[in-house]
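Opening the notebook on this one.

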Amino acid sequence: MSDQEDPRGQVEDHVRLTPGALRILTAASTLFYEQGIHAVGVDTIAAESGVTKRTLYDRFGSKEALVTSYLRQRHDQWWARCQQRLETAEAPRALTLFDSYLADVPLSGRGCAFLNAAAELPEDHPGYEVIRSHKQFVRARLAELIAEDGESTQPERLAEHLFLLLEGAVAHRGIDGTAERLQRARAMAEDLLANRTSS
């Protein structure tokens, strides 16, 4: 596994994932992704999750902490699905990350949750570091898979190419409303991996 910090499963210790906390996080996750972080207030989240605002603050402390937990959970869920696919994937396994995003198309109608959040959050927001860590993790994992599978003599360079292809395609998922660019990006990635001697 990469030395890059992995933001998986690091919900703050003070967040007690009681049934009420889980309802809050589930409701907030849906609302933040579908409507945007700034557009959703704690009143709406509390109402949607069937708890009081006091309960929300008791469990999460602040909207800022709730946003951070949402992003960490989003990474957890994405990585769990991707890791499950990697366990049975054949080389070149770097393509599995493209396949994972393609399989998640029904869940990604508004594009990448992390890019969307990055557009809304200031850099000093604790959630911003989760976004940065997630992207660094994906990039590092691509390089690891390429190196482990012996797909290139320059795995870091090839990983950068694939990462930029993947990021561009995922970003356009939210703009285009289709997976067409993701499919094209995967085909381009497959070509780059096949041309391993010059990558």
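Predicted model: local features only at pLDDT ≥ 70, side-chain atom pairs only at ≥ 80, totals over all residues.

In which helix is the place of Ala185? I find Ala185 in helix α9, where helices (H or I, at least four residues) and strands (E, at least two) are DSSP runs numbered from the N terminus.

Residues are numbered from 1 along each chain as its sequence is written, and side-chain values use heavy atoms, with hydrogens and water left out.

**Entry: Ala185**

I looked up the burial of Ala185 and got a relative accessible area of 3%, so it is buried. My cut-offs are under 20% relative accessible area for buried, over 50% for exposed and partly exposed in between, with a 1.4 Å probe and protein chains only. Leaving out residues up to four places away in sequence, Ala185 touches Phe98, Leu165 and Ala169; contact means heavy atoms within 4.5 Å. I also checked Val170, 15 residues from Ala185 along the chain, and the two C-alpha atoms are separated by 9.4 Å.

**Entry: α9**

Next I took the helix itself. α9 runs over residues 180-194, and its 15 residues at 1.5 Å each should span 21 Å; the end C-alpha atoms are 21 Å apart, so the two agree. The expected span here is 1.5 Å times one less than the number of residues.

Which residues of α9 are buried? I get Leu182, Ala185, Ala189 and Leu193. They sit on the same side of α9 because they cover an arc of only 75 degrees around the axis, the arc being that of the directions from the helix axis to the C-beta atoms. Asp191 and Ala194 are exposed on the other side of α9. For the cover over the buried residues of α9, my list includes α5 (94-103), α7 (126-148) and α8 (155-176).

**Entry: α5 and α8**

I followed the cover to α5. There, 7 of the 10 residues are buried, so α5 is largely enclosed by the rest of the structure. Its buried residues are Ala94, Leu95, Thr96, Leu97, Phe98, Ser100 and Tyr101, and they pack against α4 (63-86), α7, α8 and α9.

In α8 I picked out Glu167. Glu167 is buried, with a relative accessible area of 11%. Apart from residues up to four places away in sequence, Glu167 touches Leu115 and Lys135.

**Entry: cavity**

How many cavities of 30 Å³ or more does a search of the whole structure find? I got 1, and about 40 Å³ of space lies in the largest cavity. A cavity is a set of points, on a 1 Å grid over the protein atoms alone, where a 1.4 Å probe fits but cannot get out; lining residues have an atom within 4 Å of a point. Its lining is Phe32, Tyr33, Ile37, Tyr70, Arg110, Ala113, Asn116, Ala117 and Glu120. α1 (19-35) and α6 (113-120) each supply at least two lining residues, and the largest share, 4 residues, comes from α6.

**Entry: whole chain**

Of its 199 residues, 47% count as buried. Among contacts between residues at least 6 apart in sequence, 70% join residues at least 24 apart.

How values were computed: 1 Å grid on protein atoms, 1.4 Å probe; cavity = no way out; pocket = protein on both sides within 12 Å on 5 of 7 lines; lining within 4 Å. Points joined across faces, edges and corners; volume = space filled by probe spheres on them.
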